[in-house]
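Trainee: Could we go through this model together, term by term? I would like to learn what each word rests on.
Mentor: Gladly, let us look at it first.

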Amino acid sequence: MKLLTTNKTPSAARVDFFLAEKGIDIEREQVALMKGEHKSPEYRARVPNGRIPALELDDGTVICESIAICRYFEASHPTPTLFGDTPIAQAQVEMWQRMMELELFMPMAMSYRHTHETAKLLENPQFSDFGEKQRSVTESRLRRLDRELADKDFITGNALSVADITAYCGLRFFRFMGYKPADDQPNLRRWFDSMAERPAAQAAFAE
Ligand SMILES: N[C@@H](CCC(=O)N[C@@H](CS)C(=O)NCC(=O)O)C(=O)O
């Protein structure tokens, strides 16, 4: 099996972080995102969403969408569990994973894609008003996450889950957009710093 990936981008980093937490090492093929390699007819024919990352299995099956890839590895390597181990834990991980993806990661990504010079290759045309609105949405979601983390070590409670990985990889990658725990967000800062210390964070964002 082979992971089609591109270094240091947020969705690829989510899978790298997840694999490192599970202790899984697999073959990787680099796809040159900023050269538009993922837009080639060959890549589009290979990967259903035409995006990075994607997992190609030995029987030719291709799994795209980073969370679907993580779910494959959760099923094939159940420990440590990162999607919850009881019905209620699984529902809560799903709830927080979706919230972190749809309500935080996406606004962050959209603010980049619609306002930043380097995103012109990815988003054409850009809608700067929409991008600026997504910045204020992101800032409000970070304030809410700070409140949520007041009495928890991790987003779903006491255990690391894929929801933490989604939120951390978004915040870590998009820091060049100015996103970071603010001075009056001590809970978010504590959580972010403890995530950054994990060896998996270093593996996902290795220079
Ligand atoms: N929902 C997808 C998003 C994947 C995605 O957008 N990946 C970026 C790189 S991190 C990409 O391929 N961008 C190419 C483009 O937008 O043209 C996932 O979670 O895998």
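Trainee: In which sense do strand S3 and S4 pair, and over how many bridges?
Mentor: Strand S3 (residues 54-56) and S4 pair in the antiparallel sense, over three bridges. Two strands count as paired if DSSP finds at least two bridges between them, and here there are three bridges. One example is Glu 56, whose bridge partner in S4 is Val 62. Before we go on, keep in mind that this is a predicted model, where local features need pLDDT of at least 70 and side-chain atom pairs count only at pLDDT 80 or more, while totals for chains, interfaces and linings use all residues. Residues are numbered from 1 along each chain as its sequence is written.

Trainee: What do the labels S and H stand on?
Mentor: They are DSSP runs, numbered from the N terminus: helices are H or I with at least four residues, and strands are E with at least two.

Trainee: In what order do the four strands lie in the sheet?
Mentor: The order is S2-S1-S3-S4, in an open sheet with mixed pairing. Strand S2 (27-30) and strand S4 (62-64) each have a single partner strand, so they stand at the edges with one side left without a neighbour in the sheet. From one strand to the next, the twist averages 25 degrees.

Trainee: Which helix packs on the sheet, touching S3 and S4?
Mentor: That is helix H3 (residues 66-76), whose direction makes about 120 degrees with that of S4. Contact here has a cut-off: the C-beta atoms of two residues, placed from the backbone, lie within 7 Å.

Trainee: Why are H1 and H3 called roughly parallel?
Mentor: Their axes cross at roughly 15 degrees and come within 9 Å. Axes are lines fitted to C-alpha atoms, for helices over the stretch in contact, and angles run from 0 to 180 degrees between N-to-C directions. Angles under 35 degrees count as roughly parallel, over 145 as roughly antiparallel, 65 to 115 as roughly perpendicular, and the rest as oblique. H1 and H3 are therefore roughly parallel to each other.

Trainee: Which residues of H1 and H3 meet?
Mentor: Ser 11, Arg 14, Val 15, Phe 18, Leu 19 and Lys 22 in H1 meet Ser 66, Ile 69, Cys 70 and Phe 73 in H3. By class, this contact has six nonpolar, two polar and two charged residues. In that scheme Ala, Val, Leu, Ile, Met, Phe, Trp, Tyr, Cys and Pro are nonpolar, Asp, Glu, Lys and Arg are charged, and the others, Gly among them, are polar.

Trainee: Why are H4 and H5 called roughly antiparallel?
Mentor: The axes of helix H4 (residues 87-115) and helix H5 (residues 128-148) cross at roughly 150 degrees, coming within 8 Å. That angle falls in the class over 145, and H4 and H5 are therefore roughly antiparallel. Their contact has seven nonpolar, seven polar and four charged residues.

Trainee: What makes H1 and H6 oblique?
Mentor: H1 and helix H6 (residues 162-173) pack at about 135 degrees, with axes 9 Å apart. The angle belongs with the rest in our scheme, so H1 and H6 are oblique to each other. Among the residues in contact are Phe 17 of H1 and Ile 165 of H6.

Trainee: Which residues surround the ligand?
Mentor: They include Thr 9, Leu 33, His 38, Arg 51, Glu 65 and Leu 122. A residue is near a molecule or strand if its C-beta atom, placed from the backbone, lies within 6 Å of it. Helix H1 (residues 10-22) gives the most to this shell, with three residues. The shell has five nonpolar, four polar and two charged residues.

Trainee: What stands out in the backbone at Glu 65?
Mentor: Most residues other than glycine have a negative phi, and most peptide bonds are trans. Glu 65 is not a glycine, yet has a positive phi of about 75 degrees. Glu 65 lies in the loop between S4 and H3.
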